[in-house]
Amino acid sequence: MKNKKKDLPPLEEKDEKNEIPEIISEEAPPQVVEPKPEPKPKKEDSKARLFFRKVLRWLLGIIIVFGLGFIASIFMLYRPEVQDYQDEVQTLNGKLQTAQEEIAALENEIDRLTPLENENEALIAMQNEFELRIAVLNARIDVANAQLALAEEDTSKAQISLEKTGDALASINKLLPTDQSDIVAAMQQRLELSLSEIKDDPYAAQSDLDVLATNLLQLEDSLFGSP
C-alpha cells in the first residue's frame, strides 16, 4: 500500500518586502491627568439640606400668604375712606364748576350794567347839582326875606325867615367839594352872628346879612354861572 500523504495546507510565505519592522519608541507616552472625583456628600448632609430647603420654601410661602392677606385687609379697611374722598373731590369739583359759571354770569351782568352804572353816576351827579343849586337858592331867599323884614323893622319876621337857613347851609356844605368847606363855614358864622344881633342891634344884623347875601351870590356864580 502506498502511503498517501495528507494534503497539508501550504505554508504562508512571509512577504519580507512588505513587512514593516515595528519601531519601538524609547520616549514615554504622555501622562493623562484625570480629574479627581468630587467627594460624594454624605447621606446625612444631603438629607439635612433638603429638609432645610423644604422648610425655607414653606416659610416663604407662609410669608407671602400673610403679606397678601395683610395688603388685602388694608385695602378693605381704607377702601371706604378712599371712596368717600373721591366722592368729596367730585362734589367739590362740581361746586367749583358751578361757582365758575356763576362768576362768568356775574361778569356778563357787570358788562351789561356798566353803561347803566355810568349813566347812573351821571344822573347822581346831576341830582347833586340840582340839590346844591336848590339849597343855594333857598339860602338866598331866606336872607332876602330877613333883609326885607329888617327894613320894615320887623325883627320877629326876620328871625323866623332865618330859621331854616342853617339847614340850607348844611346841605350846601355836604354837596360841595371838601376843598370849599371853608367858604360855607364862614357863611355859617355870619348867619349865627346875624341871628344874635337881630333883637339888640338890627342895623348890625342887616350889615351881616348883606355880606351873607353877597357870599351866596358869588358861590352861585362860581358853581353855575351868572343867572
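Is Glu153 buried or exposed, and what is its relative accessibility? At 70% relative accessibility, Glu153 counts as exposed; the term exposed stands for over 50% relative accessible area, buried for under 20%, and partly exposed for values in between (1.4 Å probe, protein chains only). The views below come from a predicted model, in which local features need pLDDT of at least 70 and side-chain atom pairs count only at pLDDT 80 or more, while totals for chains, interfaces and linings use all residues. Residues are numbered from 1 along each chain as its sequence is written, and side-chain values use heavy atoms, with hydrogens and water left out.

**View 1. The loop between H1 and H2.** Glu153 is placed in the loop between H1 and H2; helices are DSSP runs (H or I, at least four residues), numbered from the N terminus. Although Glu153 is not a glycine, its phi is positive, at about 60 degrees. Most residues other than glycine have a negative phi. Asp154 is found in the loop between helix H1 (43-151) and helix H2 (155-161), and it counts as partly exposed because its relative accessibility is 30%. A polar atom of the Asp154 side chain lies 3.2 Å from the backbone nitrogen of Lys157.

**View 2. The surroundings of Gln147.** Gln147 lies in helix H1 and is buried, because its relative accessible area is 18%. Its side chain makes a polar contact with the side chain of Asp210 at 2.5 Å; a polar contact is a pair of N or O atoms within 3.5 Å, one able to donate a hydrogen and the other to accept it within protein, and residues adjacent in sequence count only if both atoms are side-chain atoms. Not counting residues up to four places away in sequence, Gln147 touches Gln206, Leu209, Asp210 and Ala213, where contact means heavy atoms within 4.5 Å.

**View 3. The largest nonpolar core.** This core has 24 residues, and Leu162, Leu169, Ile172, Leu209, Leu212 and Leu216 have the most contacts inside it. Helices H1, H3 (165-175), H4 (181-197) and H5 (202-224) are the elements that give two or more residues to this core, and the largest share, 8 residues, comes from H1. A nonpolar core is a set of buried Ala, Val, Leu, Ile, Met, Phe, Trp, Tyr and Cys residues joined through side-chain atoms within 4.5 Å. Leaving aside neighbours within four places in sequence, Leu209 is in contact with Val143, Ala146, Gln147, Leu150, Leu162 and Ser194.

View 4. The whole structure holds 2 salt bridges, each a side-chain nitrogen of Lys or Arg within 4 Å of a carboxyl oxygen of Asp or Glu. Glu220 pairs with Arg140 in a salt bridge whose closest N and O atoms are 2.6 Å apart. This pair links distant parts of the chain, with Glu220 in helix H5 and Arg140 in helix H1, 80 residues apart. Glu220 is buried at a relative accessible area of 4%, whereas Arg140 is partly exposed at 30%. In the salt bridge of Asp208 with Arg190, the closest N and O atoms are 2.9 Å apart. Here Asp208 in helix H5 and Arg190 in helix H4 are 18 residues apart. Asp208 is buried at a relative accessible area of 8%, and Arg190 is partly exposed at 28%.
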